[in-house]
Amino acid sequence: MLELANKRVLLGVSGSIAAYKSAELVRLLCKQGAQVRVVMTATATEFIQPLTFQALSGNVVYSAWDDADRGDGMGHIELARWADVIVIAPASADFLARLRQGMAGDLLTTLCLASDGTIAVAPAMNRLMWENAATKENLAVLKQRGIHILGPGTGGQACGEVGLGRMLEPEQLARDIPTLFSTGILSGTKLLLTAGPTREPIDAMRFLSNRSSGKMGYALAQAAIEAGADVTLISGPVALPSPSRAKRLNVNSADEMYDAVMSEVAANDVFISAAAVADYRPANPSKEKVKRKDDNVDLALTQNRDIVASVAALPNKPFTVGFAAETSDVEVHARGKLERKGLDLIAANQVGEGQGAEVDDNAMTMYWADGSQHLEKTTKNKLARQMVAIIGEHYRAES
Ligand code: PMT
């Protein structure tokens, strides 16, 4: 199972003899489906060559301050934004002290400071350094700030001593890193979700569709799984790998999506309608490929059933979350849909001109009857986690 499919792991390597083990960690993370980028401190490059990490991750390795710079001096911010999780393995005593101080003297400490995401450290040092009061205090402060501490392990050390302070083995870290994404807010919940576009056939060859890539819906499915939900994903035609541990049902048209949703919905506690469902379909699709004529052609359209409104109208409806894709007056239209379709929550996004559909980043405002919360533009993976936290909170409050 690809536990880290679509996940972006930024692996920080600081100066420790354990740095050589991180090469194996990169291999194991990639094997689990993660995209891995490696940032090394200058001292780390004295223990192991960047080329080793470059070959294993398939990505350029960053070390010097301007390695990540694309000419605008913002490379460190870009890298911090790119990462779904930052893992420093090995984290030396010196690195932990600098992280605790909030220092920004090199690329790795700077991007930790510029990150609002999950950070984990895997300490590696001599047992006396580990037991030193200064290290203990640094760790306590980092933990209090929400930084995850993975290990250390115990055993023989490079200096010949035996005790606590060894970096956890790569296999152990590769098992621990996927758990960093677990929130548990939807544990015990069955969640049904639609994603992607629909295709409405015109003839044997042609269809009407839209720009949805499925990225937003698939990120939500993954975030819901990490929050502990048992997820069924009903997907329009997209070119994305299935989220790990989701039951995926593929459909093409809005009619097929409607039927799939209606046959699954009764077993679910939460329904999220992230799919860009066609409002209309050609009234008379042809089984044959329509021949070109010398004149213009009129295409008669008929209305599709509204899936999310039908779910919200069920007698035992699940907690129902709709979307609003708007090009203008986002709040007015979103609130109109929230009310008209009988939804519990609606996620509204601005679409058009490179926004919302197809792209990797998005911003969203969640509306409910007497409130709203705006979520700033970020990667769809991070956005999905914030959305799932809000959905989980509201669902728990109502159930
Ligand atoms: O897939 P990506 O490329 O990542 O792009 C993401 C997205 C822009 C598609 C996504 O964020 C989004 O906005 N999805 C909903 C698109 C949409 O159909 O919005 P709408 O405002 O037209 O529809 C309102 C709601 O009714 C939606 O929840 C929709 O799923 C639902 N609907 C619409 C028509 C219909 N026949 N049945 C429905 O259930």
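**View 1. Contact of α5 with α8.** Leu96, Ala97, Leu99 and Arg100 of α5 meet Glu137, Asn138, Leu139, Val141 and Leu142 of α8 (contact: heavy atoms within 4.5 Å; helices: DSSP runs of H or I, at least four residues, numbered from the N terminus). By class, this contact has 6 nonpolar, 1 polar and 2 charged residues (nonpolar: Ala, Val, Leu, Ile, Met, Phe, Trp, Tyr, Cys and Pro; charged: Asp, Glu, Lys and Arg; polar: the others, Gly among them). The model is predicted: local features need pLDDT of at least 70, side-chain atom pairs count only at pLDDT 80 or more, and totals for chains, interfaces and linings use all residues. Residues are numbered from 1 along each chain as its sequence is written, and side-chain values use heavy atoms, with hydrogens and water left out.

**View 2. Crossing of α10 and α14.** The axes of α10 (residues 215-226) and α14 (residues 380-398) come within 8 Å and cross at roughly 55° (axes: lines fitted to C-alpha atoms, for helices over the stretch in contact; angles run from 0 to 180 degrees between N-to-C directions). Residues of α10 in the contact include Lys215, Met216 and Ala219; among those of α14 are Lys380, Asn381 and Leu383. The contact has 9 nonpolar, 1 polar and 4 charged residues.

**View 3. Ligand site.** Of the 28 residues around the ligand, Ser212, Ser213, Lys337, Asn349 and Glu358 come nearest (near: a heavy atom within 4 Å). A side-chain N or O atom of Ser212 is 2.6 Å from a ligand oxygen. For a polar side-chain atom of Lys341, the distance to a ligand oxygen is 2.9 Å. For Lys380, it is 2.7 Å.

Conventions. Helices (H or I, at least four residues) and strands (E, at least two) are DSSP runs, numbered from the N terminus. A polar contact is a pair of N or O atoms within 3.5 Å; within protein, one must be able to donate a hydrogen and the other to accept it, and residues adjacent in sequence count only if both atoms are side-chain atoms.
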